[in-house]
Amino acid sequence: MRNSRTLVLLCLLLAAVGGRAQQYPFIRYDANVLHYDTNAAPMQFLFQKWQRVTSSGQGNLNIMHIGGSHVQAGSFPHRIRTNILRNHPNSVGSRGMVFPYSAAAKCNNPADYKVHCPEKVSLTRNVYSNPEHPLGLCGISVTAENQPTHVQMLIADKEFDYSTTRVIVLGYSPQGVEPMLSYDSRKITPSYTDTVNHRFVFNLQREVDSFEVVLPCKEGQSFTLTGVYLGSRRPGITYNSIGVNGAAVPDYFKCALTRDLKLIRPDLVIFGIGINDAHGSNFDSVAFKRNYLRLCDSIRSVNPYCAFIFVTNNDCYRKTGRKSYSVNTNGLQVRDVCYRLASITGGAVWDQFEIMGGLKSMAEWQKNKLAQADKVHFTRAGYQLLGDLFYAALDRELKKDWRAHALKKGSGNSTEKANIKNASKDKPLPRGLRRKPSHKPATTNSNNNLNSDRFPYIPD
């Protein structure tokens, strides 16, 4: 009886999502699909593993959504996360990588977890020309200095059980300060310390949904916190979201990507970077593509079979005066690059630009209170609608019978690697999965050296 009620509830929720998504005439619902080559090995591996994890209840599938302010704000990725887990309620894994954004002043935090830090900390982001402190995958850090600092974290989403039994604090101290963890009125030291990878591992005696990271700095001491990973022993799907306001693709090269990627080992990466790369009049699509491929190489160095979904830029406008705006046509170039990237890497494209309604469609979203006055960001309702649309496109592919596309495994891993390498013979760079890392500095436009937000998030 309980299973029947759960099934009915799921059907009602999905019907509500579908009905809500169809109410805007300017949205091109027929374009809401994932564009990819069904013979591409990375996508085949993803869908087969997804079906294995969700049907057997065993194993883990890790997703990473990375971007700028659209991701840091949290509403868009969390809506996708929620839709996935509502449809697969028995596959709720860990909460994964989080960052205590609001520990620093004027830094917005996703709503699904709460952060409080009574002491003052300094903020470093990868959008700075020369970040003062080395950064990790999160692309952002807070530094405590000269006094004990307490970063309190609480999982606020009560729909799913994200309680954790393993907390990994990512960070470092030049003076050797070691963080502590406080929960249940007790304070514990790390169960394991990995100074090479800047990890402090805390194994807890019970599942908790709130705790406090204690940074016991004294006068002349500091500790830079670069991330917090919330783990558990549960199998299932973990959806990590990594976002920094104003971040462009080259900004992530200022971070120790592969070090922290080894902790996540993503099976799927959803790329939402590009709105800041293309904001200026001197956008270089060739450099943009080259930088993106370099980022893809970093991820594939950790998991060669990782699948990619490239989200095209949303339609947006540039501010040309106090109350005047002009449409940013660079979104069309970014859209073209995304399709090329998917072709090279065996990935997929979710064409947000086309789905929105194409060029100048942002004006319609704003009229319907789905976008903010800056004509770049969305309101919470807009982000949630985008999350519903994205999940609908993804879910359509997940429901296909991927056994018909099963890869031959006659010779084990060597065959799988060959299948990936030859996923599509007409691709211009079939070795994209094995591309040698470039030792040349990333090419960026002059606007990438700005210390301020390119597009700061404005809470609605």
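His279 is found in the loop between strand 16 (268-272) and helix 6 (285-300); helices (H or I, at least four residues) and strands (E, at least two) are DSSP runs, numbered from the N terminus. The model is predicted, so local features need pLDDT of at least 70 and side-chain atom pairs count only at pLDDT 80 or more, while totals for chains, interfaces and linings use all residues. Residues are numbered from 1 along each chain as its sequence is written, and side-chain values use heavy atoms, with hydrogens and water left out.

A polar atom of the His279 side chain lies 2.7 Å from the backbone oxygen of Asn276. His279 and Asn328 are 49 residues apart in sequence, and their C-alpha atoms are 7.3 Å apart in space.

Five strands form an open sheet in the order 4-7-13-9-10, with antiparallel pairing; two strands pair if DSSP finds at least two bridges between them. Strand 4 (113-116) and strand 10 (186-188) stand at the edges with a single partner strand each, so one side of each is left without a neighbour in the sheet. Within this order, strand 9 (residues 180-183) pairs with strand 13 (residues 210-216) over three bridges, and Ser182 has Glu212 of strand 13 as its bridge partner.

Strand 8 (residues 164-172) is mostly covered, eight of its nine residues being buried. Strand 8 pairs in the antiparallel sense with strand 12 (residues 199-208) over six bridges, where Val169 is partnered by Phe200. Strand 8 also pairs in the antiparallel sense with strand 14 (residues 222-231), over seven bridges, and Arg166 stands opposite Gly231 in strand 14.

Twelve of the 13 residues of helix 4 are buried, so this helix is largely enclosed by the rest of the structure. The buried residues of helix 4 (residues 75-87) include Phe76, Arg79, Ile80, Arg81 and Leu85.

Leaving aside neighbours within four places in sequence, Trp365 is in contact (heavy atoms within 4.5 Å) with residues including Phe26, Ile27, Met356, Phe378 and Leu385.

Conventions:
Polar contact = N/O pair within 3.5 Å; in protein donor to acceptor, adjacent residues only side chain to side chain. Buried < 20%, exposed > 50% of the residue type's maximum accessible area, 1.4 Å probe, protein only.
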